[in-house]
Amino acid sequence: MSHQSVPSPLPAAVDELWERRAELSPRDVDARAVVVGAVDLLDEGKARVARVSDDGEVVVDERAKRAILLAFKVLGMARSQVGDFHHHDRVPLKSRFDGVRVVPGAIARWGSYLAPGVVLMPSFTNIGAYVDSGTMIDTWATVGSCAQVGKNVHLSGGAGLGGVLEPPNAVPVVVEDDALIGSRAMIVEGARVGRGAVVGAGTILSASIPVIDVQTGEELARGRVPDWCVAVGGTRQKEFPGGTFGLPCVLVMKRLEPGQRHDKAALNEVLREHGVNT
């Protein structure tokens, strides 16, 4: 996916530690202080792994990714307990939830950012993720490491955004403002969902899957659903020496008016018109 690097608000000491990461351990107190301070800035939303720039490109803060990876080198294993559940891990759970509704059973790891107005149903949000205001992470949904989720997004039950940590310059999954990701849909490998887009239930979008406009047959992109459209999973036929087989793709079924809110009844009608189950 197209991307560029961006100047980082995190200290340059992170890069210095990265160059000698092989020799680091939890015994390195000074290194741990630098890394914990850097990941704290991610946890507070004062830094983030990636963002969409004014020119529409995804910009990646490689130093932020390095800080997260270094955390696994300089933090020791620690036991914790929540009720009857016992845990043994290097990364603690998140403790900053200002203005966030966290339903019992929801899990968010330290180093993820949740903006005021976010709602977490029983779900999982991993380190480095950024979830902006007004977004609902529904039951059993997953926001993978470093995934970037915009404002007023609905991540429906069981949907998954894949995590991308290595290499540090790899582009994470990006879901832009006002998008709706259907139940059990999977957005992985740094794929991107545009603003206001609706991704149908069960759709799989990866960086290599073609996105096709059903009205024209044009392949629009790979791994990117355009802004303000309804997209569903599909197949296209391809000839091989062993026969003709259907390969996965994502089909853009309808274009929406910019700013059009998601009306479930209207969306269901769009899908029924094309014989797609909701």
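Residues are numbered from 1 along each chain as its sequence is written, and side-chain values use heavy atoms, with hydrogens and water left out. Because the model is predicted, local features need pLDDT of at least 70 and side-chain atom pairs count only at pLDDT 80 or more, while totals for chains, interfaces and linings use all residues.

**The helix pair**

Select residues 29-44, helix 2, and residues 62-74, helix 3. Helices (H or I, at least four residues) and strands (E, at least two) are DSSP runs numbered from the N terminus. The two helices pack at an angle of about 130°, with their axes 9 Å apart; axes are lines fitted to C-alpha atoms over the stretch in contact, and angles run from 0 to 180 degrees between N-to-C directions. Helix 2 is therefore oblique to helix 3, the class left over when angles under 35 degrees count as roughly parallel, over 145 as roughly antiparallel and 65 to 115 as roughly perpendicular.

Next, display the side chains at the contact (heavy atoms within 4.5 Å). Helix 2 contributes Ala-31, Arg-32, Val-35, Ala-38, Val-39 and Leu-42, and helix 3 contributes Ala-64, Ala-67, Ile-68, Leu-70, Ala-71 and Val-74.

Two strands pair if DSSP finds at least two bridges between them.

Select strand 9 (residues 119-120) and strand 12 (residues 136-137), which run parallel and are joined by two bridges. Here Leu-120 stands opposite Ile-137.

Move on to strand 26 (residues 229-240), which pairs with strand 27 in the antiparallel sense over 12 bridges. A hairpin of two residues connects these strands, and Gln-237 has Gly-246 of strand 27 as its bridge partner.

Ile-212 faces Leu-251 in strand 27.

**The aromatic pair**

Finally, select Tyr-113 and Tyr-130, whose rings form a tilted pair, 4.9 Å centre to centre with 40° between the planes. Rings of Phe, Tyr and Trp (its six-membered ring) pair if their centres lie within 6.5 Å; planes under 30 degrees apart count as stacked, over 60 as edge-to-face and the rest as tilted. Tyr-113 lies in strand 8 (residues 113-114) and Tyr-130 in strand 11 (residues 130-131), so the pair ties together parts 17 residues apart in sequence.
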